[in-house]
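The sequence and the structure are shown first.

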Amino acid sequence: MLQLFWRSAIAVMVTLDKFALYALVWHLTWAMEIPPDVLQPPIIIKQSLKDHIVEPRDPIVVECEATGNPQPAFTWTRNGKYINVPRDPQVSMRRRSGTLEIFFWGRPDDYEGEYQCSATNEYGTALSNTINLRSRSWPKEVLEPVTVFVGEPLILPCHPPVGPPKPDTFWMNSCKNFQFYRRVSKAENGDLYFSYVLADDALTNYCCTARFPNANIIQRSSPVIIQVLTMRMVAEKAPSFMYPTGRSITNNGPISTGISFPWRGRSWRTFNKRIRIKAVTLGDSGEYVCTASNKMGYTEHAITVTVKAAPFWLEKPSNLIMSRETNGRMVCRSDGIPRPKVQWFINGEPFEGMLKVSGDTLIFNAVNVDSTAVYQCNASNQYGYLLANAFVSVMDMRARILGPQSQEFKVIEGTMTYLHCPYFGSPTPDLKWSKGAVGSLEGGRFKVFKNGTLEIRRTKLDDEGTYFCVVSNVLGREEKQIVLDVKEPAQIVRAPYNVAVLRGGEAKFDCQVTFDLTIILKDGESLTIINVNKKDEGYYSCTVRTELEEHTATARLRVMDHPEPPTELVLSEPSERSVRLTWRPGDSNHSPIKEYLIQVKEEWWFPSGWKNLTTYPGNLNSVVLQLSPYLSYQFRVIAVNALGQSPPSHSTEYFQTGGAVPDAIPKNIRGVGSGLWRNNLEITWEPLDERDWNGPKLRYVVWWRRRDSREEWKNITTMWWWHTIYDTDTFTAYEIKLQAMNAFGYGPESPVVIGYSGEDYPLEAPLNLGVSDIESTKLTVHWEPVSRNSIMGELKEYKVRPTINQKTYSKGFAATGPRLSGELTGLIPYSNYKMYIVVANNRYEGPTSSTIAFQTPEGVPSAPRSFKIQHRHLDSIYVEWERPAEPNGILTGYILRYQLLNATREERVREEQFPPNRTYFTVPRYDRYTRYKFSVAAMTQVGMGEMYTEESPHFTSDSKYVWQTIRRCTPMCFTNSAMYMSNHHIFIYVCISVHKAYSTDQVDIVTQGWFIGLMCAIALLVLIMLVVFFIKRTRGGKYPVRDKKDFTMEPIDDKDQEGSFDYRYVLYEEDIRQLQRRRGSVEGIVRRMESDDSLVDYGEGGEGEFDEDGSFIGEYTGTSKRQGKAEQVYHDSSETTSPGNTIYTLA
């Protein structure tokens, strides 16, 4: 291991306080602006860098721009020789500019050199810097392979193209970025250092690459190949240094590269092989020692650092505007290490003795027009130079104000206000500011600058008004008027605040502002966003903008929603029973993720659906999942926040865990005899679930042996979940155990289970069967048990089988104690029984015991089978009941209890007793509202049985036929309806049959309004139907009615010339069929509804008549009631009509 340490051995520590002060503080002087229309010498305003690097394939542009009046002329020199631009076809100069453009067709090296531009007019000549033009190119050359022995050091030179800026260098091997490490590193100049070479270093080629950040250009050197010569043994060596070129480092100028690092701005790089010092000062000069060591020894290398600096400006010379016979001076102050030498030039030419020079100052005395010229100051040392142009212009010009003479400004109260008044004149004019042409503004909140600007701090409304700027010199005077208008500031009095809403909700931002009413407001004050979605999220700014100012308040809208699904699911650390799942959390949508739900899809024989595996806290994104061996899994993750679940993530690829021996033990292991054979033992168990197999080729190993024997365990391996052992003794105990196995090995053994071989019929019957404690419905039965050996199996129960009326049922009893007994319930009282008992094992029953007989005593009877309440007479109520279905003995009589329900006071309960052969009773009915509550029960000698309770209903009067008008009608009597027609008036009378039976209400239904309305509606519907039928029958003409003429209801010829017409109702086929279907029921209703006072009978004895108002004026004609039941044939139909459906018509 090679270790590097740095230590600083600085002999002298120099402080640079004064040096730094000059470097940071510039002496600022004001130069009066010369109007463009004033004659003046040229001055350089734009030029290329001193080191001008061009790309080999790009055109060369060397910039040089200058101002002056009159317009200056430009000339160029290259390496000190004049360039004749018009004669060189590849060189041109831009119009009204000195910028040089070179379009070359040869090598760019032909135009490399030092260029300088001159701008000249009649008042002087200005010079540009010396521009060193170079082409940036990496020469293409074929490099010979480098041969080196294994273990030897090696340096591959880089030599990148020149800057500026200094290129970033890096190395590539086989077109890939080379990764540096402790053995191989890069030097500051780009060279590649190998501390020692290995054989693997020859497997690729190496090329140095330079990247120029500002130009965004990358250049690459030709590749080099290393040939490594191997040796049998590489000797270990003590460290030695690979020195960079030169033994000393000179850092020209302040260094600003590198990063900050503790210990006085130094940082170590390239595995401590390089130290970088940030912001070099003179205090960093000294000797630096690098120490390298390994187990074979160590060595040191000293580097002496000397800090030097190129010249830099402390004060540049400024242009001078002077009048005749005045004095002045021009300062050119610079510094550097070593201190630069200053030289003065006039119009590009050196001068000696013409002017007075005092150090870095040029002194002018009693100037005249001939003193007008451009002066150059050159400060240089061995590391660089500085060149500056400044002119002296001698003129006499009266004071003048540049720009408009009158202006108006609007400003905001409380801000800094600047009123500008640029001026010019020679000699330099005097400047004065006043408000309202009174007094002078200077001091306090007012400040006047030399360039003519008036500064007003914290402007107030009182500062409104007119301001005057006055400039004057010996040649004249001029003033400027500025009107200042101060406005109240606009303010956001209520700024919008951050809003968090649910997706689909509404977001509202309020922004209330105040502003000066004389200023136009550009934007609104409120913003509402409906149906917010994810795209609406962001920052919203409320801007109040006037012509003078602008204020902005910003609020953030956050849209809360279900989280985004996790991404980039990765499985790692696989094992037989676990795997690590890692994911990248999705966006929580501003509601913190509470937990992650892991879902899994398993695949064994067939893939399963997605199901939940487990959950983890929301601060985790990498978990270890516990799995089962030898299963294929697919995972996905769902994020959950307070608003709900995210959509599932993309699922992982299927991952299969490794196999393992089974973990589970088969459950429900049993051993019993089976089938028809009695000498076998069937061992069964529940098969393992597929998840518990843990590998392929699952099998079960079954072990068994006799209990309490010294036999060896027998076993068999099977793929099924049962195994049968044959040739066993009857009902013999076996010890059984089981274990699962697969291709990876055996699982754990199960606990030992006791099983029994097949059972046989029991050999003995129970003895001494008897009963005691006999009651009407239960008794106690007892017997003596059989011997254990005679059961031939496991004792299950004793079965008692009682028989009554040739019906036998069974009840089982458990076997406990030396003499067994049990309670037999559910017996029928007053019955004769026979009973026997058997013993049973799990498969068979033994022989029957001797049969015994017994009788149950009487019990109380059940309730009577039925109870009827009848209203046979108006003044009594008749009740009747039937015998009980279960007398449970000999009946001795009945008890009847009754009580009035609707009495004004509470009536006592009355009781009547009857012999067993009487099952009826009559109670008085005092009025139509009399009701009773009855309860009846049967009795035996044991006692009274269950009561049967019933209440009498409401009874009304008998039924009768009543002829009423249409105001009271019922659809029950349409078969007995009569219709009369006289003088085109139709009268319908409906026979209402009111059958008043009992009901649960005390109000007659016939008197109810809803019933009357229903009947009237039905009658009105019938009337409308009859009218429609008549209209269809009489369509096409008028038919006279024969007044006061008797007629019979006989068929009338349709061809009667006198125009008579039959008004009888004609039934269509469908109506006839409906009437025929109802014929049977209607006839029965008619027979029940007929009475002696029927109006039909009144028509048998003579004729009756009706007046125009509907009174009798004629008589019934045709047949009598009995004759009406005979067959009648209608004129328009061949079908016969039912007597119950006959409709009487009159004309």
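In this predicted model, strand 57 spans residues 632-641 and is mostly covered, with 10 of its 10 residues buried.

**Pairing of strand 57**

Strand 59 (residues 655-656) is antiparallel to strand 57 and is joined to it by 2 bridges.

Strand 58 (residues 644-645) likewise pairs with strand 57 in antiparallel fashion, through 2 bridges. Here Val-640 stands opposite Gln-645 of strand 58. A hairpin of 2 residues connects strand 57 to strand 58.

**Disulfides**

The whole structure contains 5 disulfides. With the bonded cysteines of the chain numbered in sequence order, they pair as 1-2, 3-4, 5-6, 7-8 and 9-10.

| Disulfide | S to S distance | Torsion about S-S |
|---|---|---|
| Cys-332 and Cys-377 | 1.6 Å | -75° |
| Cys-421 and Cys-469 | 2.0 Å | -85° |
| Cys-511 and Cys-542 | 1.8 Å | about -75° |

The link of Cys-332 and Cys-377 is left-handed. This pair connects distant parts of the chain, 45 residues apart: Cys-332 lies in the loop between strand 28 (328-331) and strand 29 (333-337), and Cys-377 in strand 34 (residues 373-381). Both Cys-332 and Cys-377 are buried.

The link of Cys-421 and Cys-469 is also left-handed. Because Cys-421 lies in the loop between strand 38 (417-419) and strand 39 (423-426) while Cys-469 belongs to strand 43 (residues 465-473), the pair ties together parts that are 48 residues apart in sequence. Cys-421 has 0% relative accessibility and therefore counts as buried; Cys-469 is buried, with a relative accessible area of 0%.

For Cys-511 and Cys-542, the torsion of about -75° about the S-S bond means that the disulfide is left-handed. The two residues are 31 apart in distant parts of the chain, with Cys-511 in the loop between strand 47 (507-510) and strand 48 (512-514) and Cys-542 in strand 50 (residues 538-545). Both Cys-511 and Cys-542 are buried.

Key: Residues are numbered from 1 along each chain as its sequence is written. This is a predicted model: local features need pLDDT of at least 70, side-chain atom pairs count only at pLDDT 80 or more; totals for chains, interfaces and linings use all residues. Side-chain values use heavy atoms; hydrogens and water are left out. Buried means under 20% relative accessible area, exposed over 50%, partly exposed in between (1.4 Å probe, protein chains only). Helices (H or I, at least four residues) and strands (E, at least two) are DSSP runs, numbered from the N terminus. Two strands pair if DSSP finds at least two bridges between them. A disulfide is a pair of cysteine sulfur atoms within 2.5 Å.
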